[in-house]
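Work through the following exercises with the sequence and the model at hand. Each task is followed by a solution in steps.

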Amino acid sequence: MAQNIKIGITGLPGSGKTQVLKTVIEMLGDSDRLIGGMINEPIDDGRRKTGCSVRNLVTNETEVFASTEMESRIMVGKLGVDIEALEKVGVKAIKSACLECDIIVIDEVGKLEVECPAFIEAVKEALEAGKPMIITLHKKSRNPLLQDIRRRDDVRILEVTPTNRNLLPYKIIHLMNGEDL
């Protein structure tokens, strides 16, 4: 495993960033490396996205942190955002991954998540942890955190497209193993 490799997966909404990430996690799951952090899972009613939950990869603890049904002072489009739920599961998962895991996963640094100051600090901490990391990034956001991540020399950004979606997990595994393609 490349010691300090950081891979950013970006792409348009619905392009398959999280699916690529889940495939990479499955492929890495066969190793003896402990993978920690958080993953977002969309909630839909069969026709449209109605919310988002966050899951701790180590404990499987899950909380809904954004929903069209949620009343919140923080709204992103039609979604109300529950900062406390994101902190309880997502931020905690990132912080414990920095301390206890071999590989840090953060899905996703996006419009909903950057509303949480503790999340932003946890991501910055993870970027400085000196561990391999895979992070998914909202493609179009102009948030300062996302811009900083995109500018970093130590983060390799890969874009998910319909053409490369199925091959990208293999490329990421090769990069993580120190094999430059």
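**Exercise 1: the largest pocket**

Classify the residues that line the largest pocket. Solution: the lining has six nonpolar, eleven polar and ten charged residues. Here Ala, Val, Leu, Ile, Met, Phe, Trp, Tyr, Cys and Pro are nonpolar, Asp, Glu, Lys and Arg are charged, and the others, Gly among them, are polar.

The model is predicted: local features need pLDDT of at least 70, side-chain atom pairs count only at pLDDT 80 or more, and totals for chains, interfaces and linings use all residues. Residues are numbered from 1 along each chain as its sequence is written, and side-chain values use heavy atoms, with hydrogens and water left out.

Next, locate the lining of the largest pocket and state the volume.
- Step 1. A pocket is an open set of points on a 1 Å grid over the protein atoms alone, where a 1.4 Å probe fits, with protein on both sides within 12 Å along at least five of seven lines; lining residues have an atom within 4 Å of a point.
- Step 2. The volume, as space filled by probe spheres set on the points, is about 690 Å³.
- Step 3. Of the 27 lining residues, Pro13, Gly14, Pro42, Lys49 and Glu108 lie nearest the centre.
- Step 4. Helix α1 (17–28) gives the largest share of the lining, four residues; helices (H or I, at least four residues) and strands (E, at least two) are DSSP runs, numbered from the N terminus.

**Exercise 2: strand β7**

- Step 1. β7 and β8 run parallel and are joined by four bridges; Ile106 has Ile135 in β8 as its bridge partner.

**Exercise 3: the nonpolar cores**

Which residues of the largest nonpolar core touch the most other members?
- Step 1. A core is a set of buried (under 20% relative accessible area, 1.4 Å probe, protein chains only) Ala, Val, Leu, Ile, Met, Phe, Trp, Tyr and Cys residues joined through side-chain atoms within 4.5 Å.
- Step 2. Among 38 residues, they are Phe65, Ile94, Ile106, Val109, Phe119, Val123 and Ile149.
- Step 3. α2 (83–100) supplies the largest share of this core, nine residues.
- Step 4. A second, separate core of 21 residues includes Leu21, Ile39, Val105 and Ile172.

Key. Buried < 20%, exposed > 50% of the residue type's maximum accessible area, 1.4 Å probe, protein only. Pairing = 2+ DSSP bridges.
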